[in-house]
Amino acid sequence: MTRALALAAQGVCTTQPNPRVGCVIAKENQIIGEGWHQRSGEPHAEVFALREAGAAARGSTAFVTLEPCNHHGRTPPCSEALIAAGVSRVIYACGDPNPRVDGSGAARLRSAGIAVQQGLMAAEGEELNLGFFSRMRRGRPWLRLKMAASVDGRTATARGESQWITSEAARADVQQWRAASAAVLSTSATVLADNPRLTARLAGLDRQPLRVLLDTHGRIPRTARLFAEPGEILQLTAADLPLDPSGRLSLPRLLTVLGEREINEVWTEAGATLAGALLGQGLVDEAVLYLAPTWLGADARPLAALPSLTSLADAARWQITDLRQIGPDVRIMLRPAQAAGG
C-alpha cells in the first residue's frame with residue numbers, strides 16, 4: 001500500500017477533478033503490476049496495473065488507495081476490470097465518498113467472490129485526496145491560505161512594499177503548491193498592488209490552475225499581466241455572487257460555486273482583508289505560512305485583518321501539522337485544532 005500511495009502521488013498535478021489513485025498487483029510476495037491514474041478521462045490506476053500484470057493477475061491481490069469504482073463515467077468500472085482479470089483479493093485504503101461509488105464498488109467485488117478489505121493506511125490515503133473528499137462530503141473544495149511574513153508577522157512595509165520578503169526557495173515552493181491546486185484565489189486589490197501572474201511555473205506542467213479573482217466592482221484592467229498568461233480566469237463581481245452584510249462577495253457561496261465546478265483544492269494568495277475574512281468565517285482548512293528571518297516593524301502591514309478579541313479565551317486554536325526550513329525561511333503548516341487530524 002505504501003508503494004500504491006507513492007504511485008498515486010505522481011498524479012498530484014494532473015488528475016483534477018478526479019482523485020489521485022495508485023494500484024499495485026501482488027502475487028506470491030512479488031509485485032507483478034503497478035499503475036496510477038494520470039489524467040481525467042484516461043484509464044484508472046487499476047487498469048494500468050492489470051495491463052502490466054497480464055494473465056498473472058489471476059489469483060493475485062490488488063492494493064488500491066481508493067475503493068474501486070463501479071459506474072460508467074468517462075471510463076468503464078474498475079470493479080469489472082478486477083473481476084475480469086480474476087483477482088482474488090482487493091485491499092483498499094479509503095472508501096470512495098462519491099455517491100456514485102460509496103460502497104458499491106466493494107459490494108460488486110464481494111458479489112463476484114472476491115475478498116475485500118478496507119482501511120489499510122486509510123489516514124495516508126485520505127491525506128492524499130483532501131480536496132476530493134472535501135468536495136464530495138461538503139460540496140466545497142479544501143481551501144489553503146498562503147501567507148508570507150517577517151518573523152514579527154508583517155507582510156509588507158507601511159508603503160506596501162512586499163517583493164520580496166521571503167526567499168527564492170520559498171517562492172519556488174509556492175509554485176509546487178499552485179501546480180497541485182485546481183484553483184488559485186486572489187483579489188482585485190492584490191492584482192492592482194502587485195500585478196501578479198498567479199500561474200504555476202513548473203517545467204513540463206501541461207495545465208494551469210483556474211485563476212479565481214474576486215473583483216466586486218470590476219476594477220481589474222484588461223492590461224493586467226495575468227490576462228496575458230495561459231489558463232482560464234474566473235473573474236467574479238457583484239453581479240456574479242451575492243454580497244454579505246459587509247458589502248463584500250459571499251465567500252461561502254464562492255466555495256459552493258467552486259465545488260459545483262468540480263474544484264478540489266484552492267490555493268489562496270491575497271492580502272490581509274481576504275485572509276481575515278476567510279479566517280474569521282471559518283473557511284480556511286489549512287494555512288501555509290512562510291516566515292522570513294527579518295523584522296518589518298509595528299507600522300508594517302499585518303497578516304490578516306481580524307476583529308479585536310475581548311478575551312484570550314476567544315482566540316481560535318490551530319495545530320501545527322508540519323514545520324520545516326525552506327532555504328533561509330521557515331514554512332509552517334497549520335489546521336484548525338478540531339480538524340488537524342484530517
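Cysteine 13 is buried in this predicted model. Its relative accessible area is 16%, below the 20% under which a residue counts as buried. Cysteine 69 is buried as well, at 7% relative accessibility. The closest cysteine sulfur to that of cysteine 69 belongs to cysteine 78. The two sulfur atoms lie 3.8 Å apart, which is too far for a bond, because a disulfide requires sulfur atoms within 2.5 Å. Across the whole structure, the search for disulfides returns zero.

The overall fold was examined next. The protein contains ten helices and 15 strands. Its radius of gyration is 22 Å, close to the 20 Å that the globule rule gives for 342 residues. The protein is therefore as compact as a globular protein of that length. The C-alpha trace spans about 70 × 40 × 40 Å along the principal axes. Of the 342 residues, 48% count as buried. The accessible surface comes to about 15900 Å². Carbon and sulfur atoms account for 50% of that surface. Among contacts between residues at least 6 apart in sequence, 70% join residues at least 24 apart.

In general, strands of a sheet pair through backbone hydrogen bonds, in either a parallel or an antiparallel sense.

Both senses of pairing occur around strand S12 (residues 286-292). Strand S6 (residues 142-150) runs parallel to S12, and seven bridges join the two. Here arginine 144 stands opposite glutamate 286 in S12. Strand S15 (residues 329-336) pairs with S12 in the antiparallel sense, over five bridges. In this pairing, leucine 289 stands opposite isoleucine 332 in S15. Six of the seven residues of S12 are buried, so this strand is largely enclosed by the rest of the structure.

Tryptophan 267 lies in strand S11 (residues 265-269). How far is tryptophan 267 buried, in relative accessible area? The value is 0%, so tryptophan 267 counts as buried. Which residues does tryptophan 267 touch, leaving out those up to four places away in sequence? Its contacts include Arg144 and Lys146, along with Val288 and Tyr290. Others among them are Val174, Trp177, Arg178 and Ser181. Ala183, Val184 and Leu185 are also touched by tryptophan 267. Arg144, one of these contacts, is the residue that stands opposite glutamate 286. Arginine 58, by comparison, is 209 residues from tryptophan 267 in sequence. In space, the two residues are 43 Å apart, C-alpha to C-alpha.

How values were computed: Residues numbered from 1 in each chain as written. Predicted model: local features only at pLDDT ≥ 70, side-chain atom pairs only at ≥ 80, totals over all residues. Heavy atoms only, no water. Buried < 20%, exposed > 50% of the residue type's maximum accessible area, 1.4 Å probe, protein only. Helix = DSSP H or I, 4+ residues; strand = E, 2+ residues; numbered from the N terminus. Rg over C-alpha atoms; globule rule 2.2 N^0.38 Å. Contact = heavy atoms within 4.5 Å. Areas by Shrake-Rupley, 256 points an atom, 1.4 Å probe, with all protein chains shown as cover. Pairing = 2+ DSSP bridges.
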